[in-house]
Amino acid sequence: MFSEEQIERYSRHIILKEVGGKGQRKLLDGKVLIIGAGGLGAPIALYLAAAGVGTIGLADADVVDITNLQRQVIHFTPDIGKPKVISAAEKMRAINPDVTVNTYQTWVSAANIASLIADYDFIIDGTDNFAAKFLINDACVLGNKPYSHGGILRFDGQTITIKPKESACYRCIFPNPPPKDAIPTCSQAGVIGVLPGVLGTIQATEAVKYLLGKGDLLTDRLLTYNALRMKFREVSLKRNTGCPVCGDTPTITELRDEVDALNVCDLEKS
Amino acid sequence: MQLTVNGAPASVAGKDTLSVNALLAELKVSDPLYVTVELNGEIVQRPTFDDTLVKDGDTLEFLYFMGGGR
């Protein structure tokens, strides 16, 4: 079932009673899609590859820029100019040749997201704009895919895991995206480099637990983190009956792009 | 009235009740147009911010958009 090398590679997992050989097999059979190969995506991709999640998809249209390197630890200085999904996949394969990395050098949109997520067990949002964050939520709710939401800004981060129709979704908390440019992005407002490391690692933990079927997922709880004060808080939530996508009378029944939520820089890039 | 706001005690002098909108102004909450308000564990629908009353002893959470990730 496992090669000698795999038994050694995953020995610290296999001795955990919550993982064992069976759990490691579940990880190797697991398929996780990471949308965004940047600040959040970097630790997520590194840890999931190291853990032996057998199939990892990476979606991002961007190329590595020098301003990324302060926090996107999967990309190195010689990678500047290289597509992020290629740069990230090289590191993941170098960490663990067991892992199949599928790269999608594209931005997610209403036209492609349903087919992108279809083959995966768990989806992780590591994107940097509200258009993508709301689209991922809607696609995962309508496609019944569990996923992890993550958001960061300056010294703050928040994350929640969503099990569609079972637990509160992103739109249960925030029914609609804010207008364009109402809320600053990391490029406009800054972000402390270690922040996505903390949040992304939590998101990767959720994916691993989901694949293992162990522990309690971060559902119906929004975890917020402030790095300056070094405080974690948990806000209890429940499904919102008025939620436009998973409520009692949903108004969103098919995918659409939240064009008004796109930032100018996103429009220029796509 | 005494409230618990984002896990910390908060007091509003001279008022027994306030609408959610009035409370947002009283507490000088930043970005009141974009904050999500949870009152005693229930998300308050934005169109009811003027009609929903906050009273002594209530627990509120103000939740903010965080759009970064890359």
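**Chain A meets chain B**

Author: In this predicted model, Glu42(B) forms a salt bridge with Lys238(A), and the closest N and O atoms are 2.8 Å apart.

Reader: Why is the pair of Glu42(B) and Lys238(A) called a salt bridge?

Author: The rule asks for a side-chain nitrogen of Lys or Arg within 4 Å of a carboxyl oxygen of Asp or Glu. Here a Lys and a Glu have their closest N and O atoms 2.8 Å apart, so the pair qualifies.

Reader: How many salt bridges does the rule find across the interface of chain A and chain B?

Author: The rule finds 2. It also finds 11 residue pairs in polar contact across this interface, both residues being at pLDDT 80 or more.

Reader: Which elements give two or more residues to the side of chain A that touches chain B?

Author: They are α7 (130–142), β5 (147–153), β6 (156–162), α8 (170–173) and β8 (231–236) of chain A. The largest share, 4 residues, comes from β5(A).

Reader: What makes up that side of chain A, by residue class?

Author: It divides into 19 nonpolar, 15 polar and 10 charged residues.

Reader: How much area do chain A and chain B bury between them?

Author: About 2300 Å², with 55% of it on carbon and sulfur atoms. In contact are 44 residues of chain A and 18 residues of chain B.

Reader: How do you know whether the radius of gyration of chain B agrees with a compact globule?

Author: Compare the two values. A compact globule of 70 residues would have a radius of gyration near 11 Å. Chain B has 12 Å, so it agrees.

Reader: What pattern does chain B follow along the sequence?

Author: It reads β-β-β-α-β-β-β-β, with 1 helix and 7 strands.

Notes. Residues are numbered from 1 along each chain as its sequence is written. Chains are lettered from A and ligands numbered from 1 in the order in which they are written. Side-chain values use heavy atoms; hydrogens and water are left out. Contact means heavy atoms within 4.5 Å. Buried area is the accessible area (1.4 Å probe) that two parts lose on being put together, summed over both. A polar contact is a pair of N or O atoms within 3.5 Å; within protein, one must be able to donate a hydrogen and the other to accept it, and residues adjacent in sequence count only if both atoms are side-chain atoms. Ala, Val, Leu, Ile, Met, Phe, Trp, Tyr, Cys and Pro count as nonpolar, Asp, Glu, Lys and Arg as charged, and the others, Gly among them, as polar. The radius of gyration is taken over C-alpha atoms; the globule rule is 2.2 Å times the number of residues to the power 0.38.
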